Structures are given as structure tokens and as C-alpha cells.
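Please load the model in your viewer and keep the sequence panel beside it.

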Amino acid sequence: MIGLLNLGSLVLGLIAWILPVVNLMRYKKHDYRNWVTLAIMSISACAISLCFQIFYNYHLVKIADWSALMDITDNVAFVAAVLLVVTIILNAITLLVYHGRTAK
């Protein structure tokens, strides 16, 4: 059951990247509705994905699997940083594209 945290983290990380891309693709169709909702969902998916990784690390600490922690911690930290930075950049691009379009 704990292994599903990694799968859930991966799926939510992909969702965090897909939602802003969908938002940007909808811009060409002049559909300005709900872009804020999709951006918030993207950031929330990223946050939950990172939270799942924290829970998984907590599980490894609780069962005292130190070798697993030493093996994965550097990669998890790097991937978490990439997930966060790319999600922020994609949502910032969405904000810049849609800024001022919904006010008209």
C-alpha cells in the first residue's frame, strides 16, 4: 500500500504539468473560462505529489530502512525541485498569457 505513494506522486506530478499545457492550448480557441481553476489544480497536484514523497520518506524512517533512504534521497530531492520549478514556470507562463484577457 505504501508503494502506491510513489505511483500517486508520479501521476499527480504529470497532472501538475499537463493542466497548464491544456490551459495554454485552450488559449488559441479564445476560451478564457476556468483558467484560474486549472492553474490552482496544477499547483495543488504538485503540492500533493511532493507531500506523497514526504510521507514515503517518513515511512522509510519509521521502518528504519536507512539504506533505502541513503539511496533515494538525493534523487528525490532533485526530482522534487524539477517538478516544483517546471510547475511554477508553466503556471507563470499561463498567467502571463491570460493576464488581461479575462478583464476585457
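A residue is called buried when its relative accessible area is under 20%, exposed when it is over 50%, and partly exposed in between, with a 1.4 Å probe and protein chains only. The model is a predicted one, in which local features need pLDDT of at least 70 and side-chain atom pairs count only at pLDDT 80 or more, while totals for chains, interfaces and linings use all residues. Residues are numbered from 1 along each chain as its sequence is written, and side-chain values use heavy atoms, with hydrogens and water left out.

**Stop 1: S49**

Select S49, which belongs to helix α2; helices (H or I, at least four residues) and strands (E, at least two) are DSSP runs numbered from the N terminus. S49 counts as buried because its relative accessible area is 2%. If you display its contacts (heavy atoms within 4.5 Å) and leave aside neighbours within four places in sequence, S49 meets S9, L12, G13 and L83.

**Stop 2: S9**

Next, move to S9, which is in helix α1 and is buried, with a relative accessibility of 8%. Neighbours within four places in sequence aside, S9 is in contact with S49, F52 and Q53.

**Stop 3: the largest pocket**

What lies nearest the centre of the largest pocket? Select S9, L10, S49, V79 and L83, which hold that position among the 15 lining residues. The elements that each contribute two or more residues to this lining are α1, α2 and α3. The lining comprises nine nonpolar residues, six polar and no charged, where Ala, Val, Leu, Ile, Met, Phe, Trp, Tyr, Cys and Pro are taken as nonpolar, Asp, Glu, Lys and Arg as charged, and the others, Gly among them, as polar.

The pocket holds about 340 Å³ of space.

**Stop 4: helix α2**

After α2 comes A64, whose phi is positive, near 60°.

**Stop 5: I43**

Also in α2 is I43, which is partly exposed, with a relative accessible area of 49%. Not counting residues up to four places away in sequence, I43 touches T87 and N91. Its C-alpha atom is separated by 8.7 Å from that of L84, 41 residues apart along the chain.

**Stop 6: the whole chain**

Finally, zoom out to the protein chain, which has three helices and zero strands, in the order α-α-α. Its radius of gyration, taken over C-alpha atoms, is 17 Å, well over the 13 Å that the globule rule (2.2 Å times the number of residues to the power 0.38) gives for 104 residues, so the chain is more spread out than a compact globule. Along the principal axes, the C-alpha atoms fill a box of roughly 55 × 25 × 15 Å. Of the 104 residues, 30% count as buried, and among contacts with a separation of 6 or more, 76% are between residues 24 or more positions apart.

Conventions
On a 1 Å grid over the protein atoms alone, a cavity is a set of points where a 1.4 Å probe fits but cannot get out, and a pocket is an open set with protein on both sides within 12 Å along at least five of seven lines; lining residues have an atom within 4 Å of a point. Grid points are joined across faces, edges and corners, and a volume is the space filled by probe spheres set on the points.
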